[in-house]
Amino acid sequence: VLCRCRPLNDREKALTSKVCVEMIGAEGKVMLFPQDNDPPKEFTFDGAYFMDSTAEQIYNESVFPMVESVIEGYNGTVFAYGQTGAGKTFSMQGLEDVPTQKGIIPRAFEHIFETTATTADMKFLVHASYLEIYNEEVRDLLGDSRTTKLDIKENGDRGVYVAGLTMHVCHDVAGCADLMKKGFNNRHVGATLMNKDSSRSHSIFTVYVEAMNAEGTIRMGKLNLVDLAGSERQSKTGAVGDRFKEATKINLSLSALGNVISALVDGKSKHIPYRDSKLTRLLQDSLGGNTKTIMVACISPSDNNFDETLSTLRYANRAKNIKNKPRINEDPKDALLREYQEEIERLKAMVTTGGTAPSISSNFDVDAERAKLRAEFEEAMIDLKSQYEREQTTKVGLQADLVALKEQYERANANINEHAASSGKIDANEAKRRIEQLEHTLVGGEQANNEALKQKRLAKIKESEKKTQRLAAALNVRSDDPLLQVYSSTQEKLDAVSNQLKKEQGKVKALQSEIEDLQGEFELDRLDYLETIRKQDQALKLHSALLEKVSPLIRKDCNFANLEKVKRDAVWNDDEGRWILPEVAITRTTLPGMNGIAGIGAGIQHQLAAHLSGGFEDEESKLRKKLARSTEENAAKNYFQPTKKVDLASKYREDSKRHNAAASRISSFAPVSTFDKLLSGVVYTDDVYSGTHTLSPVNNNSINSVMKRPIGKLDSLPARI
């Protein structure tokens with residue numbers, strides 16, 4: 001654990017802040033002075049770097065040995081921790097234009113490629129990935145889409161990993177620097193009162209170094225370079241809206257990290273809460289696992305940030321007691337270097353044998369692969385159907401996913417055929433080109449004869465070892481017990497014992513002050529949590545009020561109209577940290593079949609009238625048709641013109657035909673007796689002038705008996721039409 005203190009920034013100078021931090025670099029001591037006359041609070045770390053220190057000094061003395069171990073096959077992690085605006089990103093990234101202030105990440109790039117270039121008889125494969133954890137969502141900073149959320153998986157061979165995270169091969173320092181710059185520009189940042197460029201997410205840049213010696217033994221080291229978002233107090237940052245939501249997620253993940261550290265240090269905890277956050281899940285190996293880990297605690301020297309600085313120092317002091325168990329990763333199953341080497345050997349054999357590849361044809365069973373693919377397809381299809389049955393999704397969504405699954409199966413089958421076809425003759429020039437491409441991917445030995453570069457690297461290794469020895473010697477210096485000394489007089493012994501008593505009393509007073517400070521810090525945390533709870537409660541009430549206003553507007557034939565059922569069907573996903581809701585489904589109301597006639601409700605009159613008239617017609621269409629008719633005829637003249645018996649007879653003859661046709665359509669899907677009961681008590685009326693038809697209830701038992709007879713002049717017409 002290292003501690004780094006940055007200089008005062010412009011904000012702190014404007015507040016006329018005083019420096020409350022002192023350091024003794026040779027002993028790794030950090031002293032924090034309260035504003036009152038209480039004794040200073042002392043902490044001891046593996047390295048203490050004050051305001052005048054440089055990134056070069058920190059790297060050469062403390063980080064260099066760990067990166068050297070990564071190249072040898074160990075896992076390593078460097079992460080910066082501290083309050084917002086404490087200099088974490090500056091320590092990790094640094095300044096490109098100032099050589100002495102290049103950050104830990106670019107220096108690690110230079111170190112890795114310098115070592116691979118000066119190492120003979122070994123080949124290296126270096127690739128990198130870059131991700132961020134924003135609002136407890138994992139995203140790829142080097143991927144095609146920044147919004148795609150990735151899942152964290154775990155298996156016995158790979159351990160904890162991020163599914164779908166892109167890997168990028170690096171040939172030199174410039175390639176790694178370009179990846180870092182691209183990902184850094186995609187990272188979420190935002191302005192707060194404490195920092196105008198505050199990181200709103202945790203980021204992890206991982207470098208994988210695979211090495212193969214002449215005997216074919218492979219070692220794979222992994223270097224995690226972690227830049228944590230800063231812990232925040234809402235009262236100081238003034239975070240509102242999205243900034244407040246981000247700060248809440250950041251503080252929760254850092255609290256989970258603190259709980260993991262406490263559980264590891266305690267030694268009595270049977271359960272380590274790694275799964276409480278995405279951050280602790282990804283850093284699981286770095287905390288108490290197979291990794292060499294360096295924590296850089298970044299602090300502010302200002303007395304205005306006394307509480308935050310004290311909290312950071314206590315946090316780091318706890319982490320100092322974690323015991324990791326690193327080991328060299330030999331012959332890992334997921335090493336890409338082995339795959340590349342085997343492909344190079346296969347292609348070389350193909351070139352020498354004239355383009356044939358017997359090794360592939362003998363090892364690749366097309367029928368077995370097709371059978372395996374078919375079994376996987378059927379299993380996936382069964383799982384998909386059962387999943388949709390559980391979630392009660394629509395038939396359309398199920399059909400679409402089945403089609404997509406079938407297309408995926410066909411593509412995989414085509415790939416098998418292509419692989420089988422390519423197992424015969426392959427163009428020799430194509431094989432040579434592929435060999436050159438793969439060999440160019442591997443690095444190592446380019447500067448094997450550069451003695452100056454080798455000596456420079458050895459000097460850095462010796463310097464880091466001397467620093468460790470000096471620190472150990474300084475920490476082992478202990479004053480002898482005054483009671484065991486030989487004194488010339490009783491007064492001399494009394495003075496020595498009195499001085500020792502004063503020192504012990506000072507320690508007791510410091511411990512009492514520490515207890516009071518811890519209680520005060522817990523009280524501040526409690527108030528901060530209460531403020532967070534209040535704001536979240538306000539947001540919850542706002543969403544509840546919106547839901548109450550909107551829910552009556554939801555269509556009744558939509559499954560979300562019944563919110564209680566939606567709540568029962570919702571499932572909480574621990575891995576994604578969100579509720580999975582059922583798919584939106586709309587049930588179309590249709591006329592029931594023969595078995596459902598008895599249950600027809602009041603809406604049957606409206607539906608049957610629409611069926612008899614040829615379908616539904618909205619009000620706007622009716623008005624348009626009526627307007628069109630009014631423009632084509634003289635309404636006043638036609639109204640006062642006497643109606644001819646022939647016209648009325650023709651009209652009622654057409655109505656009779658239309659009625660008989662409708663009756664035949666009805667009888668085609670149900671027995672006559674059933675619809676006689678259905679239509680009993682219903683009368684069909686015809687408006688001569690509007691041209692509309694309606695159904696209304698009466699007490700008669702048949703449609704024919706309820707047709708209105710013509711009145712007035714129509715009485716003289718024959719009864720039969």
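How many salt bridges does the structure hold? The structure holds 17 of them, where a salt bridge means a side-chain nitrogen of Lys or Arg within 4 Å of a carboxyl oxygen of Asp or Glu. Welcome to a few close-up views of this predicted model, in which local features need pLDDT of at least 70, side-chain atom pairs count only at pLDDT 80 or more, and totals for chains, interfaces and linings use all residues. Residues are numbered from 1 along each chain as its sequence is written, and side-chain values use heavy atoms, with hydrogens and water left out.

**View 1. Glu154 and Arg281 meet in a salt bridge.** Their side chains come to 3.4 Å, N to O. Glu154 belongs to strand β9 (residues 149–155) and Arg281 to helix α8 (residues 278–282), so the pair ties together parts that are 127 residues apart in sequence. Helices (H or I, at least four residues) and strands (E, at least two) are DSSP runs, numbered from the N terminus. Arg281 is buried at 9% relative accessibility, while Glu154 is partly exposed at 42%. Here buried means under 20% relative accessible area, exposed over 50%, and partly exposed in between (1.4 Å probe, protein chains only).

**View 2. Arg219 pairs with Glu330 in a salt bridge.** The N to O distance is 3.3 Å. This pair links distant parts of the chain, with Arg219 in strand β15 (residues 218–227) and Glu330 in the loop between α9 and α10 (336–352), 111 residues apart. Arg219 is partly exposed at 33% relative accessibility, and Glu330 is partly exposed at 46%.

**View 3. Asp537 and Lys541 form a salt bridge within helix α16.** The closest N and O atoms are 3.4 Å apart. Because the two residues are 4 apart in the helix, about one helical turn separates Asp537 from Lys541. Asp537 is partly exposed, with a relative accessible area of 32%, whereas Lys541 is exposed at 54%. Elsewhere, salt bridges that share partners join Glu137, Arg139 and Lys149 into one network.

**View 4. A nonpolar surface patch includes Tyr529.** Its members are Leu524, Leu527, Tyr529, Leu530 and Ile533, with about 430 Å² of accessible area together. Areas come from the Shrake-Rupley method with a 1.4 Å probe, and for residues only the protein chains shown count as cover. Patches are made of residues with over 30% relative accessible area and no salt bridge; like charges are joined within 9 Å, and nonpolar side chains (Val, Leu, Ile, Met, Phe, Trp, Tyr) within 5 Å. Tyr529 sits in helix α16 (residues 490–550) and is partly exposed at 45%.

**View 5. Helix α9 is mostly covered.** Of its 14 residues, 10 are buried, including Phe306, Leu310, Arg314 and Tyr315. The helix (residues 306–319) reaches 20 Å from its first C-alpha to its last, close to the 20 Å expected at 1.5 Å a residue; the expected span is 1.5 Å times one less than the number of residues.

**View 6. Ser129 is buried in strand β7.** The strand covers residues 122–134, and the relative accessible area of Ser129 is 1%. Not counting residues up to four places away in sequence, Ser129 touches Leu142, Leu165, Thr166, Met167, Ile204, Phe205, Thr206 and Tyr208, a contact being heavy atoms within 4.5 Å.
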